[in-house]
Amino acid sequence: MTMQFSEYFILFLFILMGTISLCASLFNADWFLNSRQAATFVHWLGRPGARIFYSLLGLALIACGITGFLTWK
């Protein structure tokens, strides 16, 4: 069975969001880490801990997206 457009789109979004999360955490982007959504993790883990968390999250999203592209049947 081939992949539908929506499935390609979802996997592409995983890779895109993972790349944004990874780059924002590596470059210590204020626009990302000062956002309301990230503030919870910055409060719980501190800014360095939140950067590590978002780096790992980004890597996981990228890995899921690539794995989906490679193993889809």
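In this tour, buried means under 20% relative accessible area, exposed over 50%, and partly exposed in between, with a 1.4 Å probe and protein chains only. The model is predicted: local features need pLDDT of at least 70, side-chain atom pairs count only at pLDDT 80 or more, and totals for chains, interfaces and linings use all residues. Residues are numbered from 1 along each chain as its sequence is written, and side-chain values use heavy atoms, with hydrogens and water left out.

Select Met17 to begin. Met17 sits in helix α1 (helices are DSSP runs of H or I, at least four residues, numbered from the N terminus). Its relative accessibility is 42%, so Met17 is partly exposed.

Colour by helix: α1 (5-26) and α3 each supply at least two patch residues, and α1 gives the most, with five.

Now select Arg47 and Asp30. Their side chains form a salt bridge at 2.7 Å, N to O (a side-chain nitrogen of Lys or Arg within 4 Å of a carboxyl oxygen of Asp or Glu). Arg47 belongs to helix α3 (residues 36-71) and Asp30 to helix α2 (residues 30-33), so the pair ties together parts 17 residues apart in sequence. Arg47 is partly exposed at 23% relative accessibility; Asp30 is partly exposed at 47%. The salt bridge count is one.
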